[in-house]
Amino acid sequence: MTNTKIVSPKQDLIFMAILSVVVLTMPIWLQPFGAAYPDLMQKFMIFGIFAIGYNILFGLTGYLSFGHAAFLGVGSYTAVWSFKLLSMNVIPALIFGTALSGLFALAIGFVSLRRSGIYFSILTLAFAQMSYNLAYSVLTPITNGETGLQLTQGDARVLDRMAGIEADASLPTPNLFGIEGIGYSGFYICAALLLISFFIYLRIFRSPFGLKLRAIKSNQNRMGYTGFSTRPYLMTAFVISGMYAGLAGSLLAVTDPLAGAERMQWTASGEVVLITILGGVGTLIGPLLGAGIIKYFENIFSAFNETVLLNAFSFLPDWLAHPVAAVVGLFVGEGWHLTLGLVFMLIVIFLPGGIMEGISRLARLITNRNKAEPKSGAHENKEKEQASAGEV
Amino acid sequence: MSETKKTGIVTRRTILKGTAATTGAALIGGTFPMHFIKNAHAQTFRGDPGSASSVKLGFNVPQTGPYADEGADELRAYQLAVKHLNGEGDGGMINTIKPLQLKGNGILGKKVEFVTGDTQTKSDAARASAKRMIEKDNVAMITGGSSSGVAVAVQGLCQEMGVIFMAGLTHSNDTTGKDKKRYGFRHFFNAYMSGQAIAPVLKDEYGTERRAYHLTADYTWGWTQEESIKAATENIGWQTVNTVRTPVGAGDFSQYITPVLNSGADVLILNHYGKDMVNSLTQAVQFGLRDKMVNGKQFEIVVPLYSRLMAQGAGDAAKGILGTTNWHWSLQDEGSQAFVKSFGQEYGFPPSQAAHTCYVQALLYANACEMAGTFAPWEVIKQLEGFEFDGAGNGPTLYRAEDHQCFKDVLVVRGKQEPQSNFDLLEVVKQVPRAQVEYPADMFGGELGPYQV
């Protein structure tokens, strides 16, 4: 099942180098897609981190968590509180956000991991909805409820005050020793963290630990019979993916210092599942692709309106342009969810392994390697796929 | 000071020579073509259209979620405003607002274009959408929204980014109170004004011996409206039995309405808006609250913030219900009539209060740019601050400089018992004069922040 080829560390390094170049040159090659603006590219990075972390749990162990948004939210709230109380520097915010999410994951994992399959999913979903409702109304003094936690002029910022940095008349922005968290510099902060996270994730994939996680996915009982206690491995994977989510959440706060409760809602948990499945569960690079596609849809497709469409179809005669624009209009603008749903259905039906399966099929076609169709494309993890994906 | 655009046809030397002369000319001339001047002290700002022939505005409205109806109507109003600004259609309120410098040739001679976004009535999504407009589409101004939570969040973002935010429908005291911002402006009225306007009417209609039960949308708007209405009703002698917070977009309010029956309250105050209010009001009526006699009095329901769209959604349940609105299409003044006429011609039905406030906001921003002679936000802000105008439907109106809140007449309305048409659902009980709803600027605290960020 997991026919992982032995990949030399050198090949991995080359792969990382290609990925770094692709990520860091995003502001250039995303230009033709209209996506090369900082906020969206930051989202690509942040949800990329969220998704690869989620893939460590779902992709490797097969445990489907429906509550990862809770960790995202905890990360965000912690980061904003760190900005408010300690310093506008992003380092404490990221450290506390990640650590606290890890602790939170430890607590939730302790309970949820006693069950597997659908029961595990339901337990995590319940915990996430609980956290959402807590953040929404019960813990209003900490979370500011629906309005969302925001920075104010009068925040303590103890460390900043000690260092003699006083906020001037305008609100301070999160920064990394002067490098601002918003705009292009914010994108590069996120990109650097994505690459670091991705490297760790890659090492986990290649490690004996990663192999054991895959063993849990293929047959947990057999794993037990060979003398392994699976719970500690599951727990570690759960906490690591919780910390990835926490890091992503803190980065959301770094690029935009506001934390809202809706970040913890089940729709947000569902989104990361969608991202991972769309990209390819258990594949290295799939979740990154999924994150890119979903965020692109959410931000670009949702902004198309009738005027834009009419412009796009202006080459058609007038009597035709209007009906065409009206029909297409159903699928863009506020109807972008419809398009996303259709794409998702098509992919799940025809490419159960996600986009990565599509890419590997294409690669096979091109290289003319007429091997037999793999029985379960979803769990394929060929080095070939990764290499080709890196160049996409 | 004059503002400049990059052209690259003038050398540095000529600027130095010409600066004094051009500045003088700028002060005298007022309407000269800006793009021929280059100023050595030029400051850059976000959303600067530069030498482009058009300027972009960002319309950030809820297209999904509990306030989607309002959002759709806001978008219609904005599209109408853009038409009028560009000199298409009949001009609407451009002909009635006084003073106004708009000429129907766009803003400062630049054609007005727009981009739209969906706030989803979520702070996160609204800010992401606003960021896209600022970073990708280079908009000069962002406007819209139908929730105070969103307005406060987007206003904060706009202050950081240095882009003017003309708030749409937002009724929380916080928007121009605790959370007011230099770059944020609100034409809509607020919860305090609602309380001040409706309390005397409630006293006349329902007396001074009443026990009120509040159901409140659980976010900034609900909180401040509950506070303001509570204070205003307790002022006329009412008691408050209980205040209960309900989540936004709850859909089913039966679990919150059942306890009202046994609480001993004889008035239910619904601090809800949009689809929430439609649902809670309909369910309260279905539960038979209004047929009950409590403490020897007829049970009553009050909806402090009312709109025609909501009355339409609630149908029969809205009949006889009292509330306040910012504006109503049945007003007979010249400005309202002009707006209703052009909106009706365009879309075939009268505009809602959300449409009205958004339309006016767009025109006011455009006018302030004309008055300032530039799109530089700090200059535009100075024109808006303290701006007095009339002919926009609410009588003489002041944009107060200290908190960027508009002061104008407030309407107390009631759901009509026998509506003549689908849209003729509210009757104006009283037009409360501006003086009665005014309050000191520092009452809610808050800090506007700097002109330049």
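Predicted model: local features only at pLDDT ≥ 70, side-chain atom pairs only at ≥ 80, totals over all residues.
The crossing of H14(A) past H18(A) is right-handed.

Now stay with H14(A), which spans residues 286-300, and look for another partner: helix H17(A), residues 336-350. How are these two helices arranged relative to each other? Their axes lie 9 Å apart and the packing angle is about 155°. Because an angle over 145 degrees counts as roughly antiparallel, H14(A) and H17(A) are roughly antiparallel to each other. Here too, H14(A) makes a right-handed crossing, this time as it passes H17(A). On the H14(A) side, the contact is made by Ile294(A), Phe297(A) and Glu298(A), while H17(A) brings Trp336(A), Thr339(A), Leu340(A) and Val343(A). That gives five nonpolar residues, one polar and one charged.

Next, move over to chain B. Helix H11(B), residues 353-372, packs against helix H12(B), residues 377-384, at an angle of about 110°, and their axes are 8 Å apart. These two helices are therefore roughly perpendicular to each other. From H11(B), the residues Leu364(B), Tyr365(B), Ala368(B), Cys369(B), Met371(B) and Ala372(B) meet Glu379(B), Val380(B), Gln383(B) and Leu384(B) of H12(B). By class, this contact has eight nonpolar residues, one polar and one charged.

Finally, let's visit the largest pocket, which holds about 1,300 Å³ of space. It is lined by 44 residues, and those closest to its centre are Asn305(A), Glu306(A), Thr307(A), Gln79(B) and Phe114(B). Which elements give two or more residues to this lining? Chain A provides helices H15 (306-312) and H16 (318-329), and chain B provides helix H2 (68-85), strand S2 (111-118) and helix H10 (334-347). H2(B) gives the most, with eight residues. Taken by class, the lining has 21 nonpolar, eleven polar and twelve charged residues.

Note on methods
Residues numbered from 1 in each chain as written. Chains lettered and ligands numbered in written order. Heavy atoms only, no water. Axes fitted to C-alpha atoms, helices over the stretch in contact; angles between N-to-C directions. Helix = DSSP H or I, 4+ residues; strand = E, 2+ residues; numbered from the N terminus. Parallel < 35°, antiparallel > 145°, perpendicular 65-115°, else oblique. Left-handed = near helix turned anticlockwise from the far one by under 90°. Contact = heavy atoms within 4.5 Å. Nonpolar A, V, L, I, M, F, W, Y, C, P; charged D, E, K, R; others polar. 1 Å grid on protein atoms, 1.4 Å probe; cavity = no way out; pocket = protein on both sides within 12 Å on 5 of 7 lines; lining within 4 Å. Points joined across faces, edges and corners; volume = space filled by probe spheres on them.
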